Amino acid sequence: MAPPTTARVTAVETHDIRFPTSRDLDGSDAMNPDPDYSAAYVVLRTDAADGHEGHGFTFTIGRGNDVQVAAIEALRAHVVGRSVDALCADPGTLSRDLIGDSQLRWLGPEKGVMHMAIGAVVNAAWDLAAKRADKPLWRLLAEADPAWLVSQIDFRYLTDALTPDEALALLVHGREGAAERTAHLLERGYPAYTTSAGWLGYDDEKLTRLAVRAVADGFRQIKLKVGADLADDVRRCRAARAAVGPGIRLAIDANQRWDVDEAIRWTRALAEFDPYWIEEPTSPDDILGHAAVRRAVAPVKVATGEHVHNRVVFKQLLQAGALDVLQLDAARVGGVNENLAILLLAAKFGVPVCPHAGGVGLCELVQHLSMFDHVALTGTTEDRVIEYVDHLHDHFLDPVVMRAGHYAAPTAPGFSAAMRPESIERYTYPGGTFWAADLAARKENEA
Ligand SMILES: [Mg+2]
């Protein structure tokens, strides 16, 4: 434990960072044909002698990233001037103060742009806390006192499904055997699946080539985007199934494209290719719709979560029996504190968590949450996989490392959130060197 200090947070610095991914159709799906993977990025600076900074971000796909940055800036007054010791000892108080801002709360509550901004700031605080504790975040969480973890969770609106006492019991029980699981995790890593073969904009040759390579690289599950055209989906699923063989799990992802009846028809039409799950079959807000799809398409599983606003909606999805696989996202909800609640809800209901990570930096973040879950909560990786998408990692200072289809456990202190300064400089929109040159060239073409 570091000695007490009088250090304060001195600045909340923001950056609008956008990568031109739309040019290669990386990330393309049935609802997002031309995403430019972007980060509304925040740095907490302090006057502490250790020089540590807290880095966090939320993920968007291009236009609107400036709106997201403005939302983070609206939180600045809550953060600047805080004691660094107090912030790191109790990020839950920051989380509660941000969520509880009586005027900003009107913009949600606890959903959308404002809530994602809170998530970015809260995650930055956890990055700082983990750096000061000299531990990767998964380890800080896995070694924390269970009662302290419970104190980090906002149980408002949850107690009909999960009480603080139940959460404590799950965490105390989850700690049994943690040392062995930590050793195993450090040796083997955490299983992953890959989405990189199946973007909708890829042709069949590229899809087949990447699917074959994924299996050779050790992945036991791949995922395909579906939902734009049924004949295309039949052809692509057939090609993918032929490429990977019968023993590999093939997930499909509609990115909210369908109405409920259409989701049922379409999923059944692809059933001959033995899809493992159908992801986001319909609106992420439609809890009863997901439940209806799940009843109708079994044994195909229903997965959702990357656009689920908050713990309250996850609670209802679980209570309604609306999902088989819970896909939390590190940067959609209000940060680590709310994701602790979501992991505990999933554990209580016995639903596996397979985090969403298609985006910039999401692989880097979610691995910490899954590894904590494995070591100190559910104690298992059975039927659990973290999404892996193989681009943009080189922009991070502590990028994910894949070994034989597994995420290697991060060992560097922090939340793996920090981007390289030169990447921030180059891809800041619109003034960074890449975008300034790109926008000037476009202007010239138009002239
Ligand atoms: Mg998805």
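Which residues of helix H12 (residues 260–269) are buried? In this predicted model, local features need pLDDT of at least 70 and side-chain atom pairs count only at pLDDT 80 or more, whereas totals for chains, interfaces and linings use all residues. Residues are numbered from 1 along each chain as its sequence is written.

The buried residues of helix H12 are Ala263, Ile264, Trp266 and Thr267, where buried denotes 20 or more other C-beta atoms, placed from the backbone, within 10 Å of the residue's own, exposed denotes 12 or fewer, and partly exposed lies in between. Helices (H or I, at least four residues) and strands (E, at least two) are DSSP runs numbered from the N terminus. The buried residues of H12 pack against helix H11 (230–244), strand S7 (275–279) and helix H13 (287–297), contact being defined by C-beta atoms, placed from the backbone, within 7 Å.

At least three core residues come from each of domain 1 (9–134) and domain 2 (178–422), with bounds taken from an automatic or database domain assignment. Beyond residues up to four places away in sequence, Ala125 touches Leu44, Gly54, Leu87, Pro91 and Leu94.

Thr428 lies in the loop between helix H17 (421–427) and helix H18 (433–446), and is classed as partly exposed because 18 other C-beta atoms lie within 10 Å. With residues up to four places away in sequence not counted, Thr428 touches His15, Asp16 and Ile17.

Definitions and conventions: Contact = placed C-beta atoms within 7 Å.
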